[in-house]
Protein chains: 2
Amino acid sequence: MAAEQRSVHMDNHGASMTDERLATNGHSTSGTGTLGKAMSVLDLVAFSESPLRFKDLLAQTTQPRGTLHRQLSNLIDEGLLEVAPDHSYRLGLRLLGLAARAWDGNEVRQVAAPHIQRLHEATGETVHLGILRDIEVVYLDKFDARQSVRMHSQIGKASPSYCTGVGKAALAALDAADASERISRMRFHQHTPSTIISVDALESELESIRADGISFDREEHEPGIHCVAAPVSAHDGNTVGGISVTAPSYRVPMETLKGWSGLVAETARAITEDLSLRMGPRRS
Amino acid sequence: MAAEQRSVHMDNHGASMTDERLATNGHSTSGTGTLGKAMSVLDLVAFSESPLRFKDLLAQTTQPRGTLHRQLSNLIDEGLLEVAPDHSYRLGLRLLGLAARAWDGNEVRQVAAPHIQRLHEATGETVHLGILRDIEVVYLDKFDARQSVRMHSQIGKASPSYCTGVGKAALAALDAADASERISRMRFHQHTPSTIISVDALESELESIRADGISFDREEHEPGIHCVAAPVSAHDGNTVGGISVTAPSYRVPMETLKGWSGLVAETARAITEDLSLRMGPRRS
DNA sequence: TTATGCAGTTCCATTATGCGGAACGCCGTT
DNA sequence: AACGGCGTTCCGCATAATGGAACTGCATAA
């Protein structure tokens, strides 16, 4: 349970506009400006394992009682937070509406959807679409194998990029300098025996991914799960991402995965092309 | 210049926690406090039909250029907003992560899920779970009939309560005074020929719903779509909602819907009971 | 019952923070 | 080359967030 919680400093402010780093998703910690503070608090309740009450939140911030209380009140007034009868805080439903719009308004997702659906039908396995967000991967969509559907976890979830198929594919799609810079800021964690935890190993892995346009996750994130992935890029901004076909290794051997390589690469290429068609013309 | 929506300062305070009104979802408009202003802007881009650029947003606010620009910058810094290369604003991905937590951490949804799945399997039609949020219904979950799944719209979406099955069921589950108060604040819109648009008609409809524990949407919201619904309530706070089985009327006649009444009511009752079991003990 | 303490809520003087009018710079257009 | 629209930046001003402290209410202990 709760092992790491940061402590949200307060000496900040100063460089908000120019600020580049962003609190992707997994535990924000920053908190610049009034909005930032509010979002930090929101993140705190969002990513806590157990329900948090006022005192718990107080213990995790450096904020004084009065301030924290007002922040919570504001968040509640805005529908971003709710209070359970036992005074513990839950995320508010307004987030759902917002996210629903964010999700189905997302162009990358819209464009990729039919392609990954086809890929799912062709392989019969779970297909993911993720995009790189600073040093993490955020999953935007998935077509699940069986499972009576459900948004079920995953979508919206941020995962490390150095040990996932789409993560490595996306990193490989960046220019080497950019990738190296991001890698330098990563903190590696050995999720499984085969997780890549050295900068050098990762760099050379990216090199080989660049060479053949395909990346594999050889049970590097979850034991018993592996996948083939290929990079997708929206040439416009600098959004890069990837798609993957994931399967349990006991049922689908590496050979089969390799057999899908062409299909996956081709699908990724098609998505990238569709994206440039859709986003290119709209230039200014 | 400022028109309205300016001052508002601090005569609120006072009743913030207890505050009941809230900017559900469909266009907030309020904007109290710095956070409120920010969320108003966020809503603006969230619920706009077409991509909004800076000048478009400027036209829809009473805020001066500098202010609006800073607010947008802050939202971007927080990952709640993003800028497309053509300078139009899109919702940020951080919302997805937040919403994912809000969704699968939601107790009502967790408890109801197996029940509505069973209901879906029994009827073969689309089943919804929604909860009442002030005067609107927010859909929390759904089991879709066919349709290769996808979160596809709906979840997180706010709909009027006076013309939907779960909306009317939920209203009927409130005590009459509360319901009347909320009804008094509604603005009716004749979505279809059979939409109820008078307070009296709605009140008596609720009366009959209270009598037999079942509500119907007789194509009152979307032409050609009707449903059976029953109220679900979490006795704790004052959260009320409902579940429904929805189908196109050309394929499923009213008679069939009525035949499902018992099943729907029983499922709703079971959910309510499970909720009281799960939420009751945790009092303290 | 009365005492004790902890959790949540409210108050208000202080000042950091967001505000907003105006100037600036970048492009595409005439 | 000059214009005009649009996004971005600056900086003095005052609004709105801050946070220390007092207050309330509900527990458990005496």
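In chain B, helix 5 is followed by B:Gly124, whose phi is positive, near 80°. The structure is a predicted model, in which local features need pLDDT of at least 70 and side-chain atom pairs count only at pLDDT 80 or more, while totals for chains, interfaces and linings use all residues. Residues are numbered from 1 along each chain as its sequence is written, and chains are lettered from A and ligands numbered from 1 in the order in which they are written.

Helices (H or I, at least four residues) and strands (E, at least two) are DSSP runs, numbered from the N terminus. Helix 5 of chain B comprises residues 107-123. A kink of about 40° is located at B:Ala113, shortly before the proline B:Pro114; the bend is the angle between axes fitted to the seven residues ending at a residue and the seven starting there.

The axes of helix 6 (residues 165-173) and helix 8 (residues 199-212) of chain B come within 9 Å and cross at roughly 80°. Axes are lines fitted to C-alpha atoms, for helices over the stretch in contact, with angles from 0 to 180 degrees between N-to-C directions. Helix 6 and helix 8 of chain B are therefore roughly perpendicular (65 to 115 degrees). Here B:Lys168, B:Ala169, B:Leu171 and B:Ala172 of helix 6 meet B:Glu205, B:Leu206, B:Ile209 and B:Arg210 of helix 8, contact requiring C-beta atoms, placed from the backbone, within 7 Å.

In chain A, helix 6 (residues 165-173) and helix 8 (residues 199-212) pack at about 80°, their axes 9 Å apart. Helix 6 of chain A is thus roughly perpendicular to helix 8 of chain A.

Key: Angles under 35 degrees count as roughly parallel, over 145 as roughly antiparallel, 65 to 115 as roughly perpendicular and the rest as oblique. Two residues are in contact if their C-beta atoms, placed from the backbone, lie within 7 Å. The expected span of a helix is 1.5 Å times one less than its number of residues.
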